[in-house]
Amino acid sequence: MAVDFEKMAINDTSGFVLLSDYIPGIIQEIRYFSTYNFIGDKIDGYESPCALITKDAARALKAVANEMNVKGYRLKIFDAYRPATAVKHFVMWGIEDLDQRMKPFFYPDLEKQALFEQGYIASKSSHSRGSTVDLTLLDMATGKEIDMGSPFDFFSDISHPDYMGVTDEQYENRMFLQSVMVRNGFAPIDCEWWHFTLCNEPYPDTYFEFPNDPHLLSL
């Protein structure tokens with residue numbers, strides 16, 4: 001009987017952890033487990049509202065969280081590991097689904113195809129390699145997210161980290177988040193202020209497809 005080692009690899013959870021085990025009390029709003037996202041439906045592969053991530057990325061994020069806590073902030077996570085099945089859901093929505101009910105909230109100035117052309121959505125996502133995170137900061141003094149100038153998953157030039165049309169405070173907030181993430185081993189991208197990938201990610205060529213379900217981590 002032939003063994004499909006590639007299939008085994010993309011379903012191997014052994015290098016992953018529950019992020020809240022590394023950073024107790026971390027704030028999580030896993031958008032793709034809900035219907036409040038750019039598609040408007042719960043996304044395939046999201047079986048839990050919890051962030052899964054590789055052990056290496058969790059350790060690096062713990063260092064970020066510790067540094068931010070000292071400065072009066074907490075991390076808020078929107079997404080981490082994203083199953084390849086979720087990315088397929090995105091792609092099929094872009095190709096076949098005529099529904100655009102979330103357009104006014106997430107991509108008011110773009111057509112769906114432009115989301116792929118401009119890099120907001122990809123046919124393969126670094127999130128599926130397990131070491132990418134989407135996040136923002138919560139001010140512990142106010143209990144509110146700090147103002148980044150645009151919301152998470154708002155697909156527009158205004159969400160580019162270096163966009164100069166935001167206020168000085170909003171730009172400084174973006175650069176503050178970026179500087180701490182970079183100092184702790186993460187790399188940003190040029191079109192989303194919230195998106196960071198661990199530079200020395202452990203699985204740079206593997207796109208995992210197991211569901212986002214913490215119960216699988218003990219199997």
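Which residues on the other side of α7 are exposed? I looked this up and found Asp168, Glu169, Glu172 and Arg183; exposed means over 50% relative accessible area, buried under 20% and partly exposed in between, with a 1.4 Å probe and protein chains only.

I noted that the model is predicted, that local features need pLDDT of at least 70 and side-chain atom pairs 80 or more, and that totals for chains, interfaces and linings use all residues. Residues are numbered from 1 along each chain as its sequence is written, and side-chain values use heavy atoms, without hydrogens and water.

Helix α7. I recorded Gln170, Asn173, Arg174, Leu177, Gln178, Val180 and Met181 as buried. Seen down the axis of α7, the buried residues fall within an arc of 165 degrees, so they line one face of the helix; the arc is taken from the directions from the helix axis to the C-beta atoms. Helices are DSSP runs (H or I, at least four residues), as are strands (E, at least two), numbered from the N terminus. The buried residues of α7 pack against α3 (55-70), β5 (132-139), β7 (186-188) and β8 (195-198), where contact means heavy atoms within 4.5 Å.

Aromatic rings. I then looked up Trp93 and Tyr107, an edge-to-face pair with 5.9 Å centre to centre and 85 degrees between the planes. Rings of Phe, Tyr and Trp (its six-membered ring) pair if their centres lie within 6.5 Å; planes under 30 degrees apart are stacked, over 60 edge-to-face and the rest tilted. Both Trp93 and Tyr107 are buried.
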